[in-house]
Amino acid sequence: MGLLSEGSPLAWDETKALAQHVREHGIEQFINMYARLKDRQGDVLKWGDEVEYIIVRFDDEGRAVQVSLRAQEILAKLNEKEAADPQGVKSLWRPEYGAYMIEGTPGKPYGGLLAHFNVVEANMRYRRMEVAALLPPNEFVMSITNFPRLGCPGFTFPPAVPTPDDESCAARSNFFPDEAIFPGHPRFKTLTRNIRQRRGEKVSINLPIFPDSATKTPVEGSIPSLPNHVHMDAMGFGMGCCCLQLTFQACNISEARTLYDQLTPMCPIMLALTAASPAYRGYLTDVDCRWNVISASVDCRTKEERGELPLKNDRFRIYKSRYDSIDSYLSPAGDKYNDVPLVLDETLYKRLREGDIDHLLAQHIAHLFIRDSVSLFSEKVHQNDREDTDHFENIQSTNWQTMRFKPPPPNSPIGWRVEFRPCEAQLTDFENAAIVCFVVLLTRVILSYQLDFLIPISKVDENMQNSQKRGAVLTERFWFKKNITAIPTGEGVPPQTAAPLPTQQQNGTAEKEEDQEYELMTIDQIINGKGTFPGLVPLINSYLGSMDVDADTHCTIQQYLKLIQKRASGELMTTASWIRKEVVQHPEYKNDSVLGEGICYDLLRKAKDIQDGVLACPELLGNNISSKTTDNIPAAIEKHLTKRC
């Protein structure tokens with residue numbers, strides 16, 4: 001969720017009055033931080049995952065299912081282990097937006113050894129069991145992207161009722177009660193209230209309904225202008241969703257900027273490949289992913305900033321929500337692909353340049369800082385800009401984008417990092433581990449083979465919208481680089497020599513015209529290859545073939561890569577397609593796009609049995625899933641843990 005400062009939250013009027021103060025001091029903090037850390041070199045490759053979970057309560061007698069609002073109670077127990085032994089725990093737990101959500105990460109980051117890929121799934125399994133041990137017999141922890149009946153009457157336990165007319169409430173939603181917001185940290189309700197007040201009205205999320213033979217319009221609760229859309233009106237509908245994220249520590253700032261850029265075109269590809277959320281507020285929708293839901297759920301732009309009224313009281317016309325895809329590349333090689341005009345604060349940009357920040361990084365920061373702070377604590381207003389970074393992180397951490405470029409924290413051994421944020425949560429630890437290991441291996445291949453995925457930002461934006469459509473992994477085509485082994489060049493980038501590739505060799509005849517550099521491909525072609533395009537999994541296998549991999553790790557990785565390949569080809573379903581199939585084939589479904597209580601109960605009961613390995617699901621997972629995952633890497637390999645990247 002980002003920065004979790006402690007203190008007394010200020011009201012919106014007070015926060016708004018300090019917006020420029022936060023921006024100016026945040027910029028000074030970044031300049032000072034950059035001066036200290038820009039030349040930092042030789043950090044060890046470290047990486048880790050974050051899985052968000054929902055606590056679900058089953059009423060077997062009534063065939064009903066709800067979210068359990070006990071995250072704060074459970075989190076307190078989970079955090080006791082960390083408090084007692086911060087360096088020895090196998091997992092770390094943090095609050096999330098929903099009072100029914102928790103976020104788990106490994107106790108320590110993984111490193112540069114291939115054997116670490118064999119530990120990921122076991123650690124995820126441990127996390128799930130650790131939470132399960134604290135739950136009563138009728139409650140379960142599930143890694144589902146969203147609860148399909150979130151916002152329906154009676155969706156919480158204990159029961160809570162929305163209070164849209166209560167001015168003291170944070171959300172004032174017609175559907176989502178304040179009790180469903182995590183109560184243990186003031187950040188969450190403060191963000192909810194301040195985003196609504198800054199916008200000048202409640203947020204408005206509208207998804208096209210899945211058109212079935214008996215679908216009724218207008219949809220109940222829809223707004224008049226969009227009668228065939230499912231309407232939602234609270235931050236909780238977006239931030240109450242779960243996801244799977246990865247963070248990588250780079251060797252230095254240059255490598256971090258390269259990874260940030262090269263992974264950006266992969267964001268829509270991975271969003272479509274991990275699609276897992278086709279149902280909202282008790283309806284099947286015509287989308288498969290959460291991304292635009294969250295984007296709209298925290299869209300604090302005023303009507304002037306959205307372009308609905310001419311600018312009068314506000315500074316900028318802002319084209320995206322503060323939760324969206326990135327707007328510019330950071331590496332010199334990416335500069336020529338920054339084809340979308342960037343709205344930025346010119347005064348802050350000038351100050352960054354005076355502070356010895358290069359153009360690409362300065363425009364990135366100045367673009368993030370067109371936003372106001374939407375959460376500020378009285379104890380954090382006045383800071384030492386040479387030592388503190390809270391004002392910078394205040395705005396940095398509330399720009400929730402597909403990629404996040406993360407400077408080292410102050411007084412920390414942690415280096416320059418990149419966060420990969422688009423993936424949806426999957427039902428099983430096996431699937432989540434497969435996605436994590438695929439993306440991490442892809443970063444190793446990008447750096448080893450010096451691959452070039454860069455395409456214009458406008459094409460990435462187009463891909464992001466297409467990736468969320470129903471069945472996009474099979475029916476949509478995505479802009480992708482044709483010759484990914486053409487080494488990227490740019491001002492300040494020295495000539496380099498890529499590691500040899502057995503599949504697609506550079507021939508010195510790379511096409512020069514920009515419109516010939518990329519083409520529309522299916523995800524199957526991107527992942528598995530076509531013609532002269534090698535495919536990402538074959539490239540990973542080529543990389544692995546040159547490495548010394550122990551037998552168990554090799555077996556596990558191959559199972560993960562096969563899952564990715566089969567999801568891409570359509571041999572296996574995405575989670576979204578599986579959920580949609582389960583609903584429309586349910587005997588209680590009336591071809592009306594409605595996901596009733598009994599359907600939801602049966603759906604999540606089945607999903608729970610699949611995640612626990614009680615029920616096989618070959619259409620989702622394939623057959624004979626038995627990875628060699630283990631809690632620890634072999635002792636013979638462990639001595640190499642200090643190997644540097």
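A residue counts as buried here when its relative accessible area is under 20%. The structure is a predicted model, and that cut-off is used throughout the description below.

Helix 2 covers residues 19–37. Its buried residues are Ala-19, Val-22, Arg-23, Gly-26, Ile-27, Gln-29, Phe-30, Ile-31, Asn-32, Met-33, Tyr-34 and Leu-37. These buried residues pack against several other helices: helix 1 (12–17), helix 7 (253–263), helix 10, helix 11 (359–368) and helix 12 (390–396). The length of helix 2 can be checked against its residue count.

Helix 10 runs over residues 346–354, and its axis comes within 10 Å of that of helix 2, with a crossing angle of roughly 20 degrees. Angles under 35 degrees count as roughly parallel, and helix 2 and helix 10 are therefore roughly parallel to each other. The crossing of helix 2 past helix 10 is right-handed. On the helix 2 side, the contact is made by Arg-23, Glu-24, Ile-27, Glu-28, Phe-30 and Ile-31, which meet Leu-348, Arg-351 and Leu-352 of helix 10. Sorted by class, this contact between helix 2 and helix 10 holds five nonpolar and four charged residues, with no polar ones.

The next two residues lie in strands. Tyr-53 belongs to strand 1, residues 46–59. Its relative accessible area is 1%, so Tyr-53 is buried. Beyond its sequence neighbours up to four places away, Tyr-53 touches Trp-93, Tyr-100, Met-101, Ile-102, Gly-104, Met-124, Arg-127, Val-141, Met-142, Ser-143 and Cys-242. Tyr-53 also has its C-alpha 6.8 Å from that of Ile-144, although 91 residues separate the two in sequence.

Ser-68 sits in strand 2, which spans residues 64–68. With a relative accessibility of 0%, Ser-68 is buried. Setting aside neighbours within four places in sequence, Ser-68 contacts Ile-55, Arg-57, Ala-99, Tyr-100, Glu-139 and Phe-157.

Finally, Ala-122 is located in helix 4, residues 120–132. Ala-122 is buried because its relative accessible area is 6%. Where are its contacts, once neighbours within four places in sequence are left aside? Ala-122 is in contact with Thr-629, Thr-630 and Asp-631. The C-alpha atom of Asn-632 is 8.7 Å from that of Ala-122, and these two residues are 510 residues apart along the chain.

Notes:
Residues are numbered from 1 along each chain as its sequence is written. This is a predicted model: local features need pLDDT of at least 70, side-chain atom pairs count only at pLDDT 80 or more; totals for chains, interfaces and linings use all residues. Side-chain values use heavy atoms; hydrogens and water are left out. Axes are lines fitted to C-alpha atoms, for helices over the stretch in contact, and angles run from 0 to 180 degrees between N-to-C directions. Helices (H or I, at least four residues) and strands (E, at least two) are DSSP runs, numbered from the N terminus. Angles under 35 degrees count as roughly parallel, over 145 as roughly antiparallel, 65 to 115 as roughly perpendicular and the rest as oblique. A crossing is left-handed if the near helix is turned anticlockwise from the far one by less than a right angle, and right-handed if clockwise. Contact means heavy atoms within 4.5 Å. Ala, Val, Leu, Ile, Met, Phe, Trp, Tyr, Cys and Pro count as nonpolar, Asp, Glu, Lys and Arg as charged, and the others, Gly among them, as polar. Buried means under 20% relative accessible area, exposed over 50%, partly exposed in between (1.4 Å probe, protein chains only).
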